[in-house]
Amino acid sequence: MQITDTIADMLTRIRNANSAKHPTVDVPASNLKKQIAQILLDEGYIKGFKVIEDDKKQGTIKITLKYTDSRAQVITGLRRVSKPGLRIYSNCKDMPKVMKGLGIAIVSTSKGIMTDKKARENHVGGEILAFVW
């Protein structure tokens, strides 16, 4: 089966596993997905991730989800913003704030994948991939 929007597939897998309280979720690997997983790790939304290389396939990313002590979800929301049919771009001045600064926007810039805060610091705009809160 051909998946046209791989980022939306990754976010949906994380959202579904998170709501079902699974400890880990497997996502097909790509460099973009590794960078998104690294941002989620740096911002404290997941415990960790590990890339499992297969000989014949593209490999998988095993993402370890994070929960609070009372088993509440750390990631309360994930939303894909820019889609293949409608790309959403923003400059550094008009970069959106997610939940008034409590969440993050994942942005694809000319300097790589970064959060909205880093994009404002580096004075770069780009394509807004997703909102996480």
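Me: Arginine 80 and aspartate 5: buried or exposed?

Reply: Arginine 80 is buried, and aspartate 5 is buried too. Buried means under 20% relative accessible area, exposed means over 50%, and partly exposed lies in between (1.4 Å probe, protein chains only).

Me: What kind of model is this, and how are residues numbered?

Reply: This is a predicted model, where local features need pLDDT of at least 70, side-chain atom pairs count only at pLDDT 80 or more, and totals for chains, interfaces and linings use all residues. Residues are numbered from 1 along each chain as its sequence is written, and side-chain values use heavy atoms, with hydrogens and water left out.

Me: How do I read a salt bridge, and how many are there?

Reply: Side chains of opposite charge can pair when their charged atoms come close. The rule here asks for a side-chain nitrogen of Lys or Arg within 4 Å of a carboxyl oxygen of Asp or Glu. By this rule there are 5 salt bridges. One of them joins the side chains of arginine 80 and aspartate 5, at 3.0 Å from N to O. That pair links distant parts of the chain, 75 residues apart: arginine 80 is in strand E4 (residues 78-80), aspartate 5 in the segment before H1. Helices (H or I, at least four residues) and strands (E, at least two) are DSSP runs, numbered from the N terminus.

Me: Which residue does arginine 13 meet in a salt bridge?

Reply: Its partner is aspartate 9, at 3.1 Å from N to O. Both sit in helix H1, and because they are 4 residues apart, about one helical turn separates them. Arginine 13 is partly exposed, with a relative accessible area of 30%. Aspartate 9 is buried, at 18%.

Me: Which residue forms a salt bridge with lysine 62?

Reply: Aspartate 26 does, and the closest N and O atoms are 3.1 Å apart. Lysine 62 lies in strand E3 and aspartate 26 in strand E1, so the pair ties together parts 36 residues apart in sequence. Lysine 62 is partly exposed, with a relative accessible area of 26%. Aspartate 26 is also partly exposed, at 37%.

Me: How do I read strand pairing, and how many bridges join E1 to E3?

Reply: Two strands pair if DSSP finds at least two bridges between them. E1 and E3 run antiparallel and are joined by 5 bridges. Threonine 24 has threonine 64 in E3 as its bridge partner. Strand E2 (residues 46-52) also pairs with E3 in the antiparallel sense, over 6 bridges. There, lysine 50 stands opposite lysine 62 in E3.

Me: Which residues of strand E3 are on the covered face?

Reply: Ile61, Ile63 and Leu65 are on the covered face of E3 (residues 60-65). Thr60, Lys62 and Thr64 make the uncovered one.

Me: How do I read a charge patch, and which residues gather in the positive one?

Reply: Start with the rule. Patches are made of residues with over 30% relative accessible area and no salt bridge; like charges are joined within 9 Å, and nonpolar side chains (Val, Leu, Ile, Met, Phe, Trp, Tyr) within 5 Å. Areas come from the Shrake-Rupley method with a 1.4 Å probe, and for residues only the protein chains shown count as cover. Lys and Arg count as positive and Asp and Glu as negative, while His and the chain ends are not counted. The place of a charge is NZ of Lys, CZ of Arg, CG of Asp or CD of Glu. In this structure, Lys21, Lys47, Lys66 and Arg71 gather in a patch of positive charge on the surface.

Me: Where is lysine 21, and what is its phi?

Reply: Lysine 21 is in the loop between helix H1 (6-19) and strand E1 (24-28). Its phi is near 60°, a positive value in a residue other than glycine. Lysine 21 counts as partly exposed because its relative accessibility is 34%.

Me: Where is lysine 100, and what is its phi?

Reply: Lysine 100 has a positive phi of about 55°, although it is not a glycine. Its place is the loop between strand E5 (89-90) and strand E6 (104-109). Lysine 100 is exposed, with a relative accessible area of 82%.
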